[in-house]
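Me: I have a structure open and want to get my bearings. Can we go through it piece by piece?

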Amino acid sequence: MAIYSMTRYAQNIRTCRHQLFDIHFSKHITKRLPPCGFCDNCLLSPEFIVAEDIRADVRALCVLLEKLAEVNERVTLNKLVEAWQGVGGLRVIAKTVREEYGTQVACKRTNKDDYDRIINHLVVNNYLREDFHFTVYSTVA
């Protein structure tokens, strides 16, 4: 899907943007362009890229999603992030997950974008899937 390609493009911080464009739009060409040296990814210093083990965070998210499915609760990305943080209207479910499963639901991220990036990464790589619910007044993904 095009939206996943755009999300994958936006989240990629290692590959030259010009190479990504070339790969996407010139699939029939076998010769690839060298890195440009001036896009944001080429200028990003490797020491600023930090790889983290997020398995415990993802496990907590999956347990939270299972609990939300059990009670037939549909959430938007923002509501899911709030629940994962243990704040907002769904904090009661997050508390239940913490107590029942002994899992710390709220992972300690410094900003909301980190939560969004993790969820987008999981969706783009088919670990999670989006489910759309349509009503007359809104669409919930």
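Me: In what order do the elements run from the N terminus on?
Reply: The order is α-α-α-α-α-α-α-β-β. This is a predicted model, and its secondary structure comes to seven helices and two strands.

Me: How much of the protein is buried?
Reply: Of the 141 residues, 30% are buried.

Me: And contacts, what share join residues at least 24 apart?
Reply: That share is 51%, counted among contacts between residues at least 6 apart in sequence.

Me: Ok, helices. At what angle do α4 and α5 pack?
Reply: About 115°, with the axes 10 Å apart. Helix α4 covers residues 55-70 and helix α5 covers residues 77-85.

Me: Is that roughly parallel or roughly perpendicular?
Reply: Roughly perpendicular, because angles from 65 to 115 degrees are put in that class.

Me: Which hand does the crossing have?
Reply: α4 passes α5 in a right-handed crossing.

Me: Which residues make the contact?
Reply: From α4 there are D57, A60, L61, L64, L65 and L68. α5 brings in L80, A83 and W84.

Me: How many of those are nonpolar, polar or charged?
Reply: Eight are nonpolar, one is charged and none is polar.

Me: You listed W84. Which ring does W84 pair with?
Reply: W84 pairs with Y115. Their ring centres are 5.2 Å apart and the planes stand at 75°. Planes over 60 degrees apart count as edge-to-face, so this pair is edge-to-face.

Me: Where do the two sit in the chain?
Reply: W84 is in helix α5, while Y115 is in helix α7, residues 112-124. The pair therefore ties together parts that are 31 residues apart in sequence.

Me: Are they buried or exposed?
Reply: W84 is buried, at 0% relative accessibility. Y115 is also buried, with a relative accessible area of 2%. Both values count as buried because the cut-off is under 20%.

Me: How many aromatic pairs does the structure hold?
Reply: Three. One of them is Y9 with F21, which is edge-to-face, with 5.5 Å from centre to centre and 85° between the planes.

Me: Which helices are Y9 and F21 in?
Reply: Y9 is in helix α1, residues 2-11, and F21 is in helix α2, residues 17-25. The two residues are twelve apart.

Me: How accessible are they?
Reply: Y9 has 26% relative accessibility and F21 has 43%. Each counts as partly exposed, because that class lies between 20% and 50%.

Me: Last one. Which residues form the aromatic cluster?
Reply: Y9, F21 and F25 form one aromatic cluster.

Note on methods: Residues are numbered from 1 along each chain as its sequence is written. This is a predicted model: local features need pLDDT of at least 70, side-chain atom pairs count only at pLDDT 80 or more; totals for chains, interfaces and linings use all residues. Side-chain values use heavy atoms; hydrogens and water are left out. Axes are lines fitted to C-alpha atoms, for helices over the stretch in contact, and angles run from 0 to 180 degrees between N-to-C directions. Helices (H or I, at least four residues) and strands (E, at least two) are DSSP runs, numbered from the N terminus. Angles under 35 degrees count as roughly parallel, over 145 as roughly antiparallel, 65 to 115 as roughly perpendicular and the rest as oblique. A crossing is left-handed if the near helix is turned anticlockwise from the far one by less than a right angle, and right-handed if clockwise. Contact means heavy atoms within 4.5 Å. Ala, Val, Leu, Ile, Met, Phe, Trp, Tyr, Cys and Pro count as nonpolar, Asp, Glu, Lys and Arg as charged, and the others, Gly among them, as polar. Rings of Phe, Tyr and Trp (its six-membered ring) pair if their centres lie within 6.5 Å; planes under 30 degrees apart count as stacked, over 60 as edge-to-face and the rest as tilted. Buried means under 20% relative accessible area, exposed over 50%, partly exposed in between (1.4 Å probe, protein chains only).
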